[in-house]
Amino acid sequence: MSGVLTIRQDIVDAIIEHARRDHPDEACGVVAGPAGSDRPERFIPMLNAARSPTFYEFDSMDLLRLYREMESRDEEPVVIYHSHTATEAYPSRTDVSIAAEPNAHYVLVSTRDEHDADFRSFRIVDGQVTEEEVKII
């Protein structure tokens with residue numbers, strides 16, 4: 001694990017825009033990339049099926065379709081993102097408990113300040129949270 005998420009500015013902007021658009025509910029989505037590449041390339045905003053300001057949940061049918069589509073394109077989820085609307089961009093106990101992709105970068109965006117979005121990335125493996133550097137290109 002490199003401990004660095006390298007991500008394009010346009011994808012960062014799209015994630016922040018999605019988070020602001022869905023505020024006060026949490027936004028969520030995936031950035032897919034070629035399998036094994038660790039390159040986030042295809043921004044895929046998802047619907048927060050929970051429609052909650054404190055919790056996110058992917059719709060199970062949407063998620064199934066997404067995984068089938070990624071498999072057919074030889075992609076994997078490189079980034080799994082969601083927003084926190086009233087707290088800092090740090091994984092909650094719930095976020096940690098549902099983190100099921102050990103190779104993914106878990107990106108959190110805090111939209112509690114309408115002018116300054118806090119954009120952070122973490123690895124979550126076996127319940128352990130490790131923050132990593134975000135390198136925007």
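Strands E2 and E4 (residues 75-84) pair in the antiparallel sense through seven bridges; strands here are DSSP runs of at least two residues, numbered from the N terminus, and two strands pair if DSSP finds at least two bridges between them. Within this pairing, Val30 has Ile80 of E4 as its bridge partner. The model is predicted, with local features requiring pLDDT of at least 70 and side-chain atom pairs pLDDT 80 or more, while totals for chains, interfaces and linings use all residues. Residues are numbered from 1 along each chain as its sequence is written, and side-chain values use heavy atoms, without hydrogens and water.

E2 (residues 28-34) also runs antiparallel to strand E3 (residues 42-46), to which five bridges join it. Here Cys28 stands opposite Met46 of E3. Six of the seven residues of E2 are buried, that is, under 20% relative accessible area, with exposed meaning over 50% and partly exposed in between (1.4 Å probe, protein chains only).

Aromatic contacts form a further topic. Rings of Phe, Tyr and Trp (its six-membered ring) pair if their centres lie within 6.5 Å; planes under 30 degrees apart count as stacked, over 60 as edge-to-face and the rest as tilted. Phe43 and Tyr81 are stacked, because their ring centres are 5.9 Å apart and their planes stand at 15°. Since Phe43 lies in strand E3 and Tyr81 in strand E4, this pair ties together parts 38 residues apart in sequence. Phe43 counts as partly exposed at 26% relative accessibility, whereas Tyr81, at 1%, counts as buried. Tyr56 and Phe58 form an edge-to-face pair, at 5.6 Å centre to centre and 85° between the planes; both residues are buried.

How values were computed. Helices (H or I, at least four residues) and strands (E, at least two) are DSSP runs, numbered from the N terminus.
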